[in-house]
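Here is a short briefing on one protein model. Look at the sequence and the structure first, then read on.

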Amino acid sequence: MSAAFAEREVDRRDLGDEVEVLTGGTHPADSVHDGVLDAMADAGFDLSDRQPREIGEAELRDCDYVATMGCSTLDLGDVDGVDVRDWALDDPGGEAPERVREIRDEVEGLVVALFDEIEREE
């Protein structure tokens, strides 16, 4: 969800030459949860071709910003130059559709706020 919203913000803000969005998990699921697919489709995103992937610590250390969703076991510790945010969100897997939509909306708000913050810093 966060990657889809981040990609949208990159397009909306014309940041394609400045921002690369990476997504992955420390223990990724085998597939995107059906509830997430449905909730994101309701918001105008088709994630049916997305496949969760593992993202490694070395790859994350090359980022400027890292956002974890709260269900992560990621611990980068104190890493110079990487702004790590734990958004402490519930895992949408197995949640009722209305709860998945609430989580989706939380993710969207956090992503938009992060992009607003980044633009203010420039």
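The side chains of E7 and R50 form a salt bridge, with 2.7 Å from N to O. A salt bridge here is a side-chain nitrogen of Lys or Arg within 4 Å of a carboxyl oxygen of Asp or Glu. The pair joins distant parts of the chain: E7 is in helix α1, and R50 is in the loop between α2 and α3 (57-61), 43 residues apart. This is a predicted model: local features need pLDDT of at least 70, side-chain atom pairs count only at pLDDT 80 or more, and totals for chains, interfaces and linings use all residues. Residues are numbered from 1 along each chain as its sequence is written, and side-chain values use heavy atoms, with hydrogens and water left out.

**Salt bridges**

- Side chains of opposite charge can pair when their charged atoms come close.
- The count comes to 15 salt bridges by this rule.
- E7 is partly exposed, at a relative accessible area of 30%. R50 is also partly exposed, at 30% relative accessibility. (Buried means under 20% relative accessible area, exposed over 50%, and partly exposed in between, with a 1.4 Å probe and protein chains only.)
- R13 and E119 meet through their side chains in a salt bridge of 2.7 Å, N to O. R13 lies in the loop between α1 and α2 and E119 in helix α4, so the pair ties together parts 106 residues apart in sequence.
- R13 counts as buried, at 17% relative accessibility. E119 is partly exposed, with a relative accessible area of 33%.
- Salt bridges that share partners join R8, E9, R12, R13, E108, D116 and E119 into one network.
- E106 and R99 form a salt bridge too, at 3.2 Å from N to O. E106 counts as partly exposed, at 34% relative accessibility.

**Helix α1**

- Helix α1 covers residues 2-12. (Helices are DSSP runs of H or I with at least four residues, strands are runs of E with at least two, and both are numbered from the N terminus.)
- Which residues of α1 are buried? They are A3, A4, F5, A6, R8, E9 and V10.
- The cover over these buried residues includes α2 (34-42) and α4 (97-121).

**The aromatic pair**

- A pair of aromatic rings is described by the distance of the centres and the angle of the planes.
- The structure holds one aromatic pair. F5 and F45 form this pair, edge-to-face, with 5.1 Å centre to centre and 80 degrees between the planes.
- Rings of Phe, Tyr and Trp (its six-membered ring) pair if their centres lie within 6.5 Å; planes under 30 degrees apart count as stacked, over 60 as edge-to-face and the rest as tilted.
- F5 sits in helix α1 and F45 in the loop between α2 and α3, 40 residues apart.
- Is F5 buried or exposed? F5 is buried, with a relative accessible area of 0%. F45 is buried as well, at 15%.

**How α2 meets α4**

- α2 and α4 pack at an angle of about 60 degrees, and their axes are 9 Å apart. That makes α2 oblique to α4.
- Axes are lines fitted to C-alpha atoms, for helices over the stretch in contact, and angles run from 0 to 180 degrees between N-to-C directions. Angles under 35 degrees count as roughly parallel, over 145 as roughly antiparallel, 65 to 115 as roughly perpendicular and the rest as oblique.
- G35, V36, A39, M40 and D42 in α2 meet V100, R101 and R104 in α4. (Contact means heavy atoms within 4.5 Å.)
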